Amino acid sequence: MHVSRLRLRDFRNYVRLDLELGPGCHLFLGDNAQGKTNVLEALYLVATLRSFRGVGGAQMVREGARGYFVGATIDSQGLSEVKAYWSATERKLSLNERPVRRLSEYFGVLRAVVFCSEDLALVKGASRGRRRFLDLILAQTEPGYLTLLMRYARALKSRNALLKHPVPDEAQLEGFSHEVVSAGTGLMVARTALLPRITPWIQDAFRRISGDVDELELRHRPGVREDFAVALSNSRARERVMRTTLVGPHRDDVEFLVNGRNASQYTSEGQKRTLALALKLAQAEYLSSVVGMPPVLLIDDVMGELDASRRAAFVPLLERAFRAGGQVFMTCTEENWPQDLGRSLTRWSVRRGGIVPVSSEPLGP
Ligand SMILES: Nc1ncnc2c1ncn2[C@@H]1O[C@H](COP(=O)(O)OP(=O)(O)OP(=O)(O)O)[C@@H](O)[C@H]1O
Ligand SMILES: [Mg+2]
């Protein structure tokens, strides 16, 4: 799977960008604030319809423009043509010239995993980030998961809005509760099944990077501990006070234990970074194994900041990507990319919202 063409119009600091891309490793080089991360953001947007910086569409529209356009051609057992337009008043998404009616049909067109500074929030930040991590993996591997997720979010929103009323209509509440339980149970089943499957990948990556010294465990902290319908009706008295839905998979969390102790509270910054990296490496390796082809890797800046052992943890993943005709994008402020990691690199120079090839030369065997 690789992106063979990327087109940006009024996206971030790009007025207009047309890139033809081959498989393999692409290195975006440039000074600070030239547009390196913005390109990765656009690629990630094609894969997930979200920014990995956690912002909405408005921030991605070039200052002074009405809306952004991102177009991509994806080569994966045939070509897929994606076109996305976003403005404050209009959103359009098409796949092979046909409007996308259901997002669940769109997911999987491009699978990508991003490595960026925001990853640290998976360990240090709120539970929402960890739920998103699981949800993204499930959306990219399990047909129907995204539909379930959207159904749950909609029903939960309506139910919470109703609970704000001084006297909620009981029949309406019953209807929303039913939908919340039905979709939510599906989410819980999928997440509960995913955790033991992905844990060995995370532990393995963690062991590789930390050199076998630390022991990692994952513990599911479910937002419901009993039958969901029972838990929901048992929480009604508290809901009347709190005016919001108190139990459900929207309260799910995963706890990381390093040597038996909570990782967010007891580990060093270095261990946190190792864990965050292990989570992302595991995501990429798990996706490769389930889908049968490696996802596109978007590695933002992190290489320069990593020490040798953490950089080395990327090697198996990059090797596999190269062997399978996959694609890797990396950004760097200077050319400090260790040659032993990349067999061949296509180098691009990024300057003031423009990208030109530097040279394309094979390195190593
Ligand atoms: N909506 C927008 N409209 C216009 N310019 C924007 C918009 N959003 C961001 N920018 C600008 O895009 C520029 C490049 O941002 P980007 O994050 O891609 O830089 P970078 O090359 O990754 O730099 P660094 O090496 O510091 O990470 C910044 O100067 C930023 O101000
Ligand atoms: Mg950047």
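Predicted model: local features only at pLDDT ≥ 70, side-chain atom pairs only at ≥ 80, totals over all residues.
## Overall build

The protein has 14 helices and 15 strands. Its radius of gyration is 22 Å, close to the 21 Å that the globule rule gives for 365 residues, so the protein is as compact as a globular protein of that length. Along the principal axes, the C-alpha atoms fill a box of roughly 70 × 55 × 35 Å.

Buried residues make up 40% of the 365 residues. Of the contacts with a separation of 6 or more, 72% are between residues 24 or more positions apart.

## Helix α5 against α11

Helix α5 spans residues 127-141, and its axis comes within 10 Å of the axis of α11. The two axes cross at roughly 15°. That angle makes α5 roughly parallel to α11, because it is under 35 degrees. The crossing is right-handed.

On the α5 side, the contact uses Phe133, Ile137, Gln140 and Thr141. On the α11 side, it uses Leu279, Gln283, Tyr286, Leu287, Val290 and Val291. By class, the residues of this contact are seven nonpolar, three polar and no charged.

## Helix α5 against α7

Helix α5 also meets helix α7, which covers residues 170-210. Here the axes come within 11 Å and cross at roughly 95°. The two helices are therefore roughly perpendicular to each other. From α5 come Leu134, Ile137 and Leu138. From α7 come Ala190, Arg191, Leu194 and Ile198. The residues of this contact divide into six nonpolar, no polar and one charged.

## Helix α6 against α7

Helix α6 runs over residues 145-163. The axes of α6 and α7 come within 8 Å and cross at roughly 145°. This crossing is left-handed.

The α6 side of the contact is made by Tyr145, Leu148, Leu149, Arg151, Tyr152, Ala155, Leu156, Ser158, Arg159 and Leu162. The α7 side is made by Gln172, Leu173, Phe176, Ser177, Glu179, Val180, Ala183, Gly184, Gly186, Leu187 and Ala190. By class, the contact has 13 nonpolar, five polar and three charged residues.

## Gln283, a buried residue in α11

Gln283 sits in helix α11, which covers residues 269-291. Gln283 has 23 other C-beta atoms within 10 Å, so it is buried; the cut-off is 20 or more. Beyond its neighbours within four places in sequence, Gln283 is in contact with Val113 and Ile137.

Met293 is in the loop between α11 and β12, a strand of residues 296-299. It has 16 other C-beta atoms within 10 Å, so Met293 is partly exposed.

Not counting residues up to four places away in sequence, Met293 touches Met1, Ser288, Ala324 and Gly326. Met293 and Gly326 are 33 residues apart in sequence, and their C-alpha atoms are 7.7 Å apart.

## Two loop residues with positive phi

Most residues other than glycine have a negative phi. Ala33 has a positive phi of about 60° although it is not a glycine. Ala33 lies in the loop between β3 (24-29) and α1 (36-48). With 10 other C-beta atoms within 10 Å, Ala33 is exposed, because 12 or fewer counts as exposed.

Arg352 is not a glycine either, and its positive phi is about 45°. Its place is in the loop between β14 (344-351) and β15 (354-362). Arg352 is exposed too, with 11 other C-beta atoms within 10 Å.

Methods: Residues numbered from 1 in each chain as written. Chains lettered and ligands numbered in written order. Helix = DSSP H or I, 4+ residues; strand = E, 2+ residues; numbered from the N terminus. Contact = placed C-beta atoms within 7 Å. Axes fitted to C-alpha atoms, helices over the stretch in contact; angles between N-to-C directions. Parallel < 35°, antiparallel > 145°, perpendicular 65-115°, else oblique. Left-handed = near helix turned anticlockwise from the far one by under 90°. Nonpolar A, V, L, I, M, F, W, Y, C, P; charged D, E, K, R; others polar. Rg over C-alpha atoms; globule rule 2.2 N^0.38 Å.
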